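Let's take a friendly walk through a protein complex. Keep the model open beside you and look up each part as you read.

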Number of protein chains: 2
Amino acid sequence: MTLEYHRLYTFTKNILLKIGCPEQDASKAADVLLSADLRGVDSHGVARLSGYVRLWEKKRINAVPDIKIVHETPSTAVVDGDAGLGLVVAPFAMNVAIQKAKTAGTGWVSVKNSNHYGIAGYHAMMALEEDMIGLSFTNASPLVAPTFSKERLLGTNPIAVAIPAGQEAPFVADMATTTAANGKLEILQRKNSDAPTGWVQDQEGRPTKDANGVKKGGALLPLGGDREHGSHKGYALGAIVDIFSAVLSGANYGPWVPPFVAFLEPDPNPVGEGLGHFFGAMRIDAFRPASEFKGHMDNWIQRFRNANPTDGNSKVIIPGDPERELEQERIKSGIPLLQPVYDDLCGLGDKFGVEL
Amino acid sequence: MTLEYHRLYTFTKNILLKIGCPEQDASKAADVLLSADLRGVDSHGVARLSGYVRLWEKKRINAVPDIKIVHETPSTAVVDGDAGLGLVVAPFAMNVAIQKAKTAGTGWVSVKNSNHYGIAGYHAMMALEEDMIGLSFTNASPLVAPTFSKERLLGTNPIAVAIPAGQEAPFVADMATTTAANGKLEILQRKNSDAPTGWVQDQEGRPTKDANGVKKGGALLPLGGDREHGSHKGYALGAIVDIFSAVLSGANYGPWVPPFVAFLEPDPNPVGEGLGHFFGAMRIDAFRPASEFKGHMDNWIQRFRNANPTDGNSKVIIPGDPERELEQERIKSGIPLLQPVYDDLCGLGDKFGVEL
């Protein structure tokens, strides 16, 4: 089943209006959410819409938040998201970073009291049109076991970095700090396939190929997979994202991050407010003239893309290439939805009287 | 063979004085270099001293550099290292980042025209005594093949992040963006042991267990090891380090980074000057009161350290713990040197009339 982009966008926006989001917030949130579907991160797009609605029903999402700066210096700010949709809080905060960068050269914003913010890359890419480098991190519900831990203490805590180029398309890295994102496991679950070793451990902390291992009390593994292959580095990266997003801002961190699913209650003794994000914007010309930088970025990209490829591969991929190609295709030919996702959206539409 | 720290420090400093470094630079460079030996990164310590000297003999290192800021904004600067020792250029640049952070909240410095800067962690840790978070990246000679590339286009491009805590010791991550650092391969080479799969590819880009695979024209692999285990993420991280360090500053990037070994000539058509670094300093209280932050960092560290460990492991490790423990031990009981390293230092001492 494939639905046209604007149909899904309008549906998403109308649902968000129904739960009380102001017009501008509903538009922005729909834009952020759908960017995941366009870029092929199907787990973070409309498939999550009813999850956000259930959090709103539980009063864990505030549809009319008073999002504001609570502390600042020339190049930094802390933003309180007032329990708003992360899809709205994050663009607000990234915009603060961009405005700071205009005068101070760079801007760095840590956010508390937010919720799931969609794909990390969307917010990092906001910097591109300003000739800035953008960074976007977020923590998330604990699904990942640090090296040597049986317990899940970290989220998949993504890092996104967007870097402008000249003639070439921008460099856009957007990655979970785990071996594989949870969405990839879900694909294997649907196919009833095994997961590669290094993706998952069981509830006793032993390596497992069971694609349902996380659901059974196991954990996703940090990038690297095991100690011998550098999982302590993936764990450190996830930890840095957690600390920048939440310990700097006053959000919940580590195992205290509230779960995305509404049927699980947040920890009754939180260490902060909501979940946290971290954003950065660096003006290119705060370092060197933008035209010089972009010329060298083009050279960088061309040299890497044209490197001698390994057998069976046609070329080296520049981060962001596959997502951009998919986006161009899906804008034209529509967004494929799995039957359960389509059914879920129809149910949501019926409930709120919104036509899909 | 174990040598007392101060003996090695004095020797290193005296050698650097002999090649013409000013007193203060020789002290700082010896401090930086020896911190690697203390923290167990033996590949980056005195074992490299004669390598630096050979670069000076080739006139690729300037012992009396005029290190200066060539561009700046309130929160950023570009530093020209004037081909000085990276061991001297890097602390200069990190200090610029720290001074910027004092007024702007954060400071971000990209460096060109530098050389190998020792361990990344040293410079990041300079921020700790100022109640700041420190970041330190550098690019390096190309030894790493991006995912799907036969060619070596990136260095082991480390990321170091140092975060202050309160009662607990600071969080200090310092990691190559490869599965394993080159120093770990050298250990296997000396033992004539195989490397685990996922560390190295051969010159045809195929996985190999040959610990000498890189020397034979192969490459180190990005963190993740192969595409299925997320090597495209390690590649993206190494690329981000390269771009922040060199494309932002005007240094050489990717395959153009000059080799550390003096017997290999730099590319005759460079794309920039020397190699590049990137430093960041973020004042904690530019986000929230430092005492609040440190209390939560203590809680973070204690929760992670006391997590239920997997069988056969006594506890979860906080990044920086092993290096700090080793440092405490080696300050007391001395620094172990391999015979070839000791012989090399003796030769260097004879050549310059410096007693080891």
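The model is predicted, so to speak of local features pLDDT must be at least 70, side-chain atom pairs count only at pLDDT 80 or more, and totals for chains, interfaces and linings use all residues. Residues are numbered from 1 along each chain as its sequence is written, chains are lettered from A and ligands numbered from 1 in the order in which they are written, and side-chain values use heavy atoms, leaving out hydrogens and water.

**Confidence**
- Chain A has a mean pLDDT of 97, with 100% of its residues at 70 or more; pLDDT is the predictor's confidence in each residue, from 0 to 100.
- For the complex, the predictor gives an ipTM of 0.98 and a pTM of 0.98.

**Helices that meet**
- Two packed helices are described by the angle between their axes and the distance between the axes.
- In chain B, the axes of helix 2 (residues 23-38) and helix 4 (residues 86-104) come within 8 Å and cross at roughly 95°. Axes are lines fitted to C-alpha atoms, for helices over the stretch in contact, with angles from 0 to 180 degrees between N-to-C directions. Helices (H or I, at least four residues) and strands (E, at least two) are DSSP runs, numbered from the N terminus.
- Helix 2 and helix 4 of chain B are therefore roughly perpendicular (under 35 degrees counts as roughly parallel, over 145 as roughly antiparallel, 65 to 115 as roughly perpendicular and the rest as oblique).
- Residues of helix 2 of chain B, including B:Val32 and B:Leu33, meet B:Leu87, B:Val88 and B:Pro91 in helix 4 of chain B (contact means heavy atoms within 4.5 Å).
- In chain A, the axes of helix 3 (residues 49-57) and helix 10 (residues 339-352) come within 9 Å and cross at roughly 40°; helix 3 and helix 10 of chain A are therefore oblique to each other.

**A helix and its end**
- Helix 9 (residues 321-333) of chain A has 13 residues and reaches 18 Å from its first C-alpha to its last, close to the 18 Å expected at 1.5 Å a residue (1.5 Å times one less than the number of residues).
- After helix 9 of chain A comes A:Gly334, with a positive phi near 100°.

- Chain B holds an open sheet of 3 strands in the order 9-8-10, with antiparallel pairing (strands pair if DSSP finds at least two bridges between them).
- Strand 9 (207-208) and strand 10 (219-220) of chain B stand at the edges, each with a single partner strand, so one side of each lacks a neighbour in the sheet.
- B:Val200 stands opposite B:Leu220 in strand 10 of chain B.
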